[in-house]
Amino acid sequence: MLFFLARRVGVMLVTALCLTFVVFYLTNIPAKLETLAKTQAGSRISDAEVASWLDRNGYNQPMLVRYGEWLGVARGWTRQLDDGSMTGRCYLLTGTTIPGAAPERCGLVQGHWGNSTRFRAPVAEVIGARLGATGMLMLWVLIVMVPMALIVGVLAGMREGSRTDRTLSTFAIASTATPEYVSGVVFIALLASSTVGLSPLLVSWGWIEGPVLFQGNARSALEGITFWNFALPVMTVALYGMGYVARITRASMTEVMTQQYIRTARLKGVSFPSIVLRHALRNALIAPFTVIMLQIPWLLNGVVIVEVLFSYPGFGWTLFEAAANNDIELLLAASVVAVLVVLVTQLISDIGYVWLNPRIRVT
Amino acid sequence: MMDPLSWLDILGRLLVQLLPVWLALLVLFALSIGFKRRLGLYGKLFDSAVGMIGFALVMFWVFAALFANMIITHDPLAQFSGMRNATPGTPLRDPAGGYEVFLLGGDALARDVFSRMIIGAREVLRIAPFAAMISFMIGISLGLPAGYIGGRLDTGLTFVANLVLAFPVILLFFLLVAPEIQNTAIPRVMAGILFLMPVLFFTVLLNARFFTQPLKRNLYVGAVLVIGLWAYSGLAFNADPFGIWGMSPNLLNVFVAVVFVNAPTVFRIVRGITMDIRTRDYVSAAQTRGEGPWYIMLWEILPNARGPLIVDFCLRIGYTTILLGTLGFFGLGVAPESPDWGSTINQGRRLLTVYPHAALAPALALMSLVLGLNLLADGLREESLKD
Amino acid sequence: MTHSKRKATELHRAAKLYARECREGRLSRREFMTRATALGVTAPAAYGLLGLAAPQARAQTPQMGGSLRMQMDIKAQRDPRTWDWSELSNVCRGWLEYLVSYERDGSIQPVLLESWEANEDATEFTLNIRPGVKWNNGDDLTAEHIAHNFERWCDASVEGNSMAGRMSALSEDGKLREGAVEIVDDLTIRLHLSSPDIAIIVNTADYPAAVVHPSFTGDDPVANPIGTGPYRPVSHNTGIGAVIERNPDHTWWNEGNGAWLDRIEFIDLGTDPAAWMAAAEGGEIDMTYQTTGDFVDLFEMIGMPQSEAITSATIAVRFNQTQAPYDNVNVRRALQMAVNNEIVLELGYNDRGTLAENHHVCPIHPEYAEIPGPVFDPAQARSMIEAEGLAGHEFELISIDDDWQAATCDSVAAQIRAAGINIRRTILPGATFWNDWLNYPFSATEWNMRPLGVQVLNLAYRSGEAWNETGFANAEFDTLLAEANGIADADERREIMAQLQQILLDEGVLIQPYWRSLYRNARPNILNAEMHPTFEVRYQHYGLA
């Protein structure tokens, strides 16, 4: 088991290294650097000004050297200013200008994630705050999605071919066919508009005080999450993810229901609810569990869409902003986080599979 | 000038306008049901209600895309003065001999929503299935040897596939489908590698089957190479001497990115199935017969893996359609003014509370197509399990 | 608020000339105000020259206290002189003030200056600094501080310092010319210009001209908020929002005349107006920064009335003449001919502006000459393109991904297509668009308003200018333009302008469909927050009813 874990961690590190290099390469092609200079120093600056900005900020070294700087294996760039003080990667990161006061190397290895050019703040700070916000969103998504998906899947799968099954399956399929950018917008129109949908009706009946039932914008959830400002984004992500998990649960449930031991139990006269709850459920939930874990990285897509749509500054929103502004170090950190999420959920899913299913042993 | 149409009139006119689609569907279903016993898995589809509904939805859009030129009422890119955000059934100010109403209204730039939706089907169905197909060929070409031969090859390929899969799709798109990347060699190089796969696939496929009959082999393989390399030069490098095959840099970029994220998943599926099938008796029999590894992989294992692959293929087209819409949502990729559904939904959604028709029409179209593909996949799965 | 030591009888000669033009209806009142006040004439005196009384002060004084939430992009801060977006300046307006301000009526009002005078040929300006102004760190504002700011503005070695271009009459070799700024006494400085430039004072009202304390060295005026204004920043998060509060430890020089609000919160909701709308419906914002297109009416529908500013801001759908096939004048003219500006205004900009005539000189410019406008003839356009052998050519029109700009270009492209000419559109994201904006063969650029017609022509159409995106190089045009620059009288200048405008039309330099009106929506209880023609958000004057 220990060897298994060590190997997985090793693979994880190599994967992260490869991916960050790809991200680094794609964000450091000359045209992207020009974009960065123009977003940083002024959108209508001349080519000469771009060149001088890049030169002054240490962007003119070979790409591999700069990747090394970021990793912390190569020496950070330095430059003496006219007044004798020093500037450079490590000087900026440690906030000093006195020559010799800053360390030679300051990258990932030394614990420096760099600075975000878009948000003018340390990357670790930005990522930390945004991950927290997305964590809340994901938590609620899972709280809503998982029970709903399991209930729909189990109900549909316990009597295959019944009318309940047909209805719920169609619902599950329809939910996977409705992407977030459609459902989110429809939710806003129906529930968070003072001119159409449900809200004007409720107002005219005097049931709600404000002009709208739900808030179509989740910015206020940063200060305090309420049902009214968080329900729509959560529903939007959960709905799309739900269908898939429900279908896996249904498939797994139908398979379990045809097993010998279930038939035996039925013949013995055990009541149907008791069969489902006591015997079928545990075995039927193995497959959905692994799928839910693997689903988490997939939800990230939806999270980016929803966070942008509802202006909720979480991790997905940060990813979008960083990509749109070519914020190199923030993108690198974000990809490290994303890779870790993918690989850790895979690991949990594998371990959970083994733990839930005693017939399989890790070798 | 005529009065705006009522909803009943609009519905009637829509049905008339879609006449070619109804006829084609009727013929297709009549023929298919008539001969379903002779049509294998496809025929069995018509035993399942779910499958039939799914198939009908998908074919509706396929026929709509095919006959789009007969169906549309206006040029999808033309703008008509006075028709900004016009409600469904609004007559034109000055039809000038053309169709006199906007059946499903006008969008924010005074273009006909109905015509854009129909032409949009063509845009979507031109990219999604094609991209899914290329992804499949790549996944199959790499997944078969990885699963069958195993060892170092398997370890290496699996690592690369997991590498791509560990990337959040959206980040990859932000990085790859950027205008700055478009002007570098990256998309061309990637296209050069990715598009070579189908050519290699068919070459090896036919060579493995017919290498004992050199005459047939030379004919088939030669034909594949000529056509394949011709298309390859045009699609990947825009160097088709006759100018028939070609892709705008923008489209190519999107295409490459979509294939790139889909292929590893297909690879994993194929690899898994291959590892399962390779232990079967008929594979051992072929091995003792002395068949070459490529023959076994392509002519023994692949046909037996077709069930799950066809199902996944349907799902993947739907998924790709949604993915293309996501790109439209972030304003990446596909050309502006393009009537593809993702972009039109994104443009229309802003005014959804006041003028819902501009976004709802393409949204319903997209959902029905994806729903159809999902139902079709379900039907196929059910029927193939009955074997 | 008098700010000139002269009497009305001693007013600048040119100002009287302008007044005559204005009375005769050849100069708009707004334009007259700009130019007369730029020469140091007080606003009431300027109104007096026209035989009018100055408009009464605001009808309604806001109550003290309250807070306001406004949607606005919050971008990463940097050195004020390098600001490239008005939003950057708007955050800091509560503590960083300007020498003068540009008002909605077109006049220039003193802020940190008390008054200024120009000599006869506008080569020497005397600036009288307002006495009693204190920095919020306790220092007094002195002439030396202002001189220091002029020195900062002239430093062209700082990348993106756009003030350097505005101060060219004061600089030499990329820095302040020796002796250009003379400190007369503690509260007076004198500017010695190398060439006449009546715009120099107007330029200090531009948003990058915020006056900073001499101790300001860093690049972030929020982290280091030493200023003269009544507010101070509480928090500033790029892309998310900023909070400003009244500074309790500082006495503002203009006490009692503003700073009504206790707190202003800027909320960055991204670029999607649908998101602002959702936030407004949820009661999360009270006003927008700028509303465009259909949303002006939509916000009004949910109880946020609009305010409008008529400007000479515009969009230039220009050809780059150095690149084929646009090096051919017939091609350019044919494409112009295929486009009906009226329809572009209707479909691309919701009819929220006034028609323009493809020569970038606006009827509100004083020297605007009425000449026959562009011809719309799609059939002729098609045959001209065919005659040039480009019947099968696919043109490409590039634009930024901004809502109204993309819509305008879509609409231009649709018309060209309707004329039977192949064209495709390309949209580039905001961050990428500017990489190459000067060199795109056929693309659209947004231009903000400039008070004088010659100003825009100097900036964008003179041969070899830094912002000449059309690649237009015409010796006759340059000579005429130089001549026009030397003529103060708008009537005389108009004769030359007519020729200049005609050259631009004959050469088919650009498709310029309309002049924009700018809009903002705010809840009805918000006072003094009308849309400003140059997007200023002077929240020190905003208040609640």
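The model is a predicted one.

## Chain C as a whole

Chain C holds 17 helices and 21 strands. Its C-alpha trace spans about 70 × 55 × 45 Å along the principal axes.

How does the radius of gyration of chain C fit that of a compact globule? For 545 residues, a compact globule would come out near 24 Å. Chain C has 24 Å, so the two agree.

## An open sheet in chain C

One sheet of chain C is built from 4 strands. It is open, and its order is β1-β12-β11-β10. The pairing is mixed. In general, strands of a sheet pair through backbone hydrogen bonds, either parallel or antiparallel.

Which strands stand at the edges? They are β1 (67-71) and β10 (231-237) of chain C. Each has a single partner strand, so one side of each is left without a neighbour in the sheet. On average, neighbouring strands are turned by 15° against each other, direction ignored.

The partner of β1(C) is β12(C), residues 263-267. These two strands run parallel, and 5 bridges join them. Within this pair, Arg69(C) stands opposite Glu265(C) of β12(C).

## Where chain C meets chain A

This contact draws 26 residues from chain C and 37 residues from chain A. On the chain C side, two elements give two or more residues: α8 (273-281) and α14 (430-433). The largest share comes from α8(C), with 4 residues.

What is the make-up of the chain C side by class? It has 13 nonpolar, 9 polar and 4 charged residues.

## Where chain C meets chain B

Here chain B gives 18 residues and chain C gives 24 residues. The chain B side divides into 10 nonpolar, 3 polar and 5 charged residues.

## Two helix pairs in chain B

Two packed helices are described by the angle between their axes and the distance between the axes. Take α7 (residues 151-166) and α12 (residues 249-277) of chain B. Their axes come within 9 Å and cross at roughly 130°. Angles from 65 to 115 degrees count as roughly perpendicular and those over 145 as roughly antiparallel, so α7(B) and α12(B) are oblique to each other. Their crossing is left-handed. From α7(B), the contact uses Ala161(B), Val164(B) and Leu165(B). From α12(B), the residues include Phe260(B), Val261(B), Pro264(B) and Phe267(B). Thr265(B) and Arg268(B) of α12(B) also take part. By class, this contact has 7 nonpolar, 1 polar and 1 charged residues.

The second pair is α6 (residues 113-149) and α15 (residues 306-329) of chain B. They pack at an angle of about 125°, with their axes 9 Å apart. That makes α6(B) oblique to α15(B). Is the crossing left-handed or right-handed? The crossing of α6(B) and α15(B) is right-handed. On α6(B), the contact residues include Val124(B), Ile127(B), Ala128(B), Pro129(B), Ser135(B) and Phe136(B). On α15(B), they include Phe313(B), Arg316(B), Ile317(B) and Leu324(B). By class, the contact has 10 nonpolar, 3 polar and 1 charged residues.

How values were computed:
Residues are numbered from 1 along each chain as its sequence is written. Chains are lettered from A and ligands numbered from 1 in the order in which they are written. This is a predicted model: local features need pLDDT of at least 70, side-chain atom pairs count only at pLDDT 80 or more; totals for chains, interfaces and linings use all residues. Two residues are in contact if their C-beta atoms, placed from the backbone, lie within 7 Å. Ala, Val, Leu, Ile, Met, Phe, Trp, Tyr, Cys and Pro count as nonpolar, Asp, Glu, Lys and Arg as charged, and the others, Gly among them, as polar. Two strands pair if DSSP finds at least two bridges between them. Axes are lines fitted to C-alpha atoms, for helices over the stretch in contact, and angles run from 0 to 180 degrees between N-to-C directions. Angles under 35 degrees count as roughly parallel, over 145 as roughly antiparallel, 65 to 115 as roughly perpendicular and the rest as oblique. A crossing is left-handed if the near helix is turned anticlockwise from the far one by less than a right angle, and right-handed if clockwise. The radius of gyration is taken over C-alpha atoms; the globule rule is 2.2 Å times the number of residues to the power 0.38.
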